[in-house]
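Thanks, everyone; let me put the structure up on the screen, and then I will talk through the sheets and the contact between the chains.

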Amino acid sequence: MSLIFYQPMESGVGKRLRNILESVVPKDHIELYSTMDDLFERFQNPICHGKVTVIFAATRKDFHRILPLKDFLSDMNLVLILPDDSPEMMAEAHTLRPRYITWADSDFRDIEAVLKRLMALSKNCF
Amino acid sequence: MARVLIIDDNKQFCNLLSQMVQKEGYEAVCAYTLTDGLRYASSTPFDVVFLDVILPDGNGLDKLTEIRNYASSPEVIILTGAGTVDGAEMAIKSGAWDYIPKPSSISVMMLPLIRALQYREEKLKKTHHPDMKIEGIIGNSAKMKRCYELVAEAASTDVNVIISGETGTGKELFAKAIHENSRRAAKNFVVVDCAALQETLTESTLFGYEKGAFTGAVHHRDGLIKQGDSGTLFLDEIGELPLSIQKSFLRVLQEHRFRPLGAAKEIDSNFRLIAATNRDLDRMVQTGHFREDLLFRLRSLTIQLPTLREHPEDIVEIAIYHTAKICKRSGLEVKQLSPDFLDAIVSYRWPGNVRELVNALERAVAAALSSPTLFRRHLPSSIRVQLAKAVVGDQPSWEKTSVDAESKKFQTLKELRESTYDKVEKEYLIDLMKNTGGNILQACKISDISRARLYQLIKKHGITISG
């Protein structure tokens, strides 16, 4: 059972996040995407509805780039990592119906706890 | 003219009630047995059914849901001389309009009838609203129509709603539909996944916190309750909400005020609550795992979603819709569904409901590759094996094996099952390798089995890989 992880740019925070993901899911079960084209292509292939998908948007620009994938993302068990919590951003984030939202300045221990549960809940996903 | 059916074995009572109904200007039909009543109700549209509980050929309460599910979805008023609290509760939970203990004067029975007819008139006005958005929810069966009526009713008010149903029945889509058709549609629809959150995380996520409220609280954050202000707060899997949080959430639900963690003052949030669960909350109340007062608050309006096996007449429509959606998303021509494919999906029980069906279609579309039509063999092997097992289990073994029995040793049921499984598995692998052009990586991805296991199976069945 794998997890989709979108991280547009490798950074210190991104690396820390990736370490957290790898502590929950074996490394070779993490499908890593760093461009929107690659992520979009992934959604064109067979995908299990309810698959755990982690989107790390380090900047507002990163975040706005994922919004066109709303129809795909709202079918997933989505975890969002956002750059800030402005009301506008939160309103747009909620249109994706995420299962959990946290922010880039988090220590990501919350993500670890949430992912453990979500992965267990989506165990029947192909 | 409204039509009323009276199912009661007391002929004198039936005649008196029907005269009163006709006097009010409605049409009345009497049935003196449950069988006759069901025959009338199934063949003629009625607006209201008066249903006695103790009838010579059965218990009226047992048929309440069936009557509610007939095409005209009549309102049912239960009549009984053997009224019990349990019976009343069951009747109301099963969707009865009212419950009248006998003996009551005939005139007492007219008031609920008139109210039911007024409600029905209003409801029909609402459900015929052509603009109701029910995105992603497919089905025209009586069971689904009943759910749409409740969505319309919920959307027109601000009452708390609880949506219950098995996993994969679409509880979140229904919650979203209520929000999108409500006056709050322009505001946030905030999902709280209670199953994904631990107790401490639930508290901070729901209520929000001030900087320094706990280790790791480096900034002030609004909680989801605040983010749902003027919008809808959707508590998914509310049965997983820890008891300690249930207590504090009940207060929020009553007062729409709460104190974020580490905050000095309380803040307001005018949210509308929709909760969903796949658990039996009544049972959880009995076992002390869910607060009765919270359940009471939540239950202003209940929508019980049917399992997919309870509305099989919608399976084909759901499959056509999602196949087109998947093909479109994948940049493929929309695939047709062959009769054997349709037969298979209608026969299967879908324990994972609509979500399982959609995931099976995802895999079938992938397995079919360039084929313009989906065939039974494109379905995931796990489903085909279940179907094969069901066929073996449903038919007498002598019918299945009578030809073979003459020419070879008679198989045990276990042997037959194993050989059927092997046959289906081999057929699947041959198709898989053919469709992927022998690409092992792609085959592993589609079949969701490891490379080692795939090689093992290829060897077992003596399949040649040609690329």
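Predicted model: local features only at pLDDT ≥ 70, side-chain atom pairs only at ≥ 80, totals over all residues.

B:L5 stands opposite B:V49, which lies in β3(B), and the two strands concerned, β1 (residues 3-7) and β3 (residues 48-52) of chain B, pair in the parallel sense over four bridges. When I say that strands pair, I mean that DSSP finds at least two bridges between them, and the helices (H or I, at least four residues) and strands (E, at least two) are DSSP runs, numbered from the N terminus. Residues are numbered from 1 along each chain as its sequence is written, chains are lettered from A and ligands numbered from 1 in the order in which they are written, and side-chain values use heavy atoms, with hydrogens and water left out.

The sheet that holds this pair is an open one of five strands in chain B, with the order β2-β1-β3-β6-β7 and parallel pairing. Its edge strands are β2 (27-31) and β7 (98-101) of chain B, each pairing on one side only, and the twist averages 20° from one strand to the next. Helix α1 (residues 11-23) of chain B lies across β1, β2, β3 and β6 (75-80) of chain B, running at about 170° to β2(B); axes here are lines fitted to C-alpha atoms, for helices over the stretch in contact, and angles run from 0 to 180 degrees between N-to-C directions.

Chain B also has an open sheet of five strands in the order β9-β12-β15-β8-β16, again with parallel pairing. Here β9 and β16 (301-304) of chain B stand at the edges with a single partner strand each, so one side of each is left without a neighbour in the sheet. Within this sheet, strands β12 (residues 232-236) and β15 (residues 272-277) of chain B run parallel and are joined by four bridges, and the bridge partner of B:T232 in β15(B) is B:R272. Helix α6 (residues 142-155) of chain B packs on the sheet, touching β8 (161-164), β15 and β16 of chain B, and its direction makes about 155° with that of β16(B).

Now to the interface: how many residues does each chain bring to the contact? Chain B brings 34 residues and chain A 28 residues, where contact means heavy atoms within 4.5 Å. Together the two chains bury about 2800 Å², 52% of it on carbon and sulfur atoms; buried area is the accessible area (1.4 Å probe) that two parts lose on being put together, summed over both. Of the area that chain B buries against chain A, 21% comes from B:A196, B:R221 and B:R329, more than from any other three residues.

Let me close with the charged pairs. There are six salt bridges between chain B and chain A, a salt bridge being a side-chain nitrogen of Lys or Arg within 4 Å of a carboxyl oxygen of Asp or Glu. A:R99 takes part in a salt bridge with B:D236, the closest N and O atoms being 2.5 Å apart, and A:R99 also forms a salt bridge with B:E172, again with the closest N and O atoms 2.5 Å apart.
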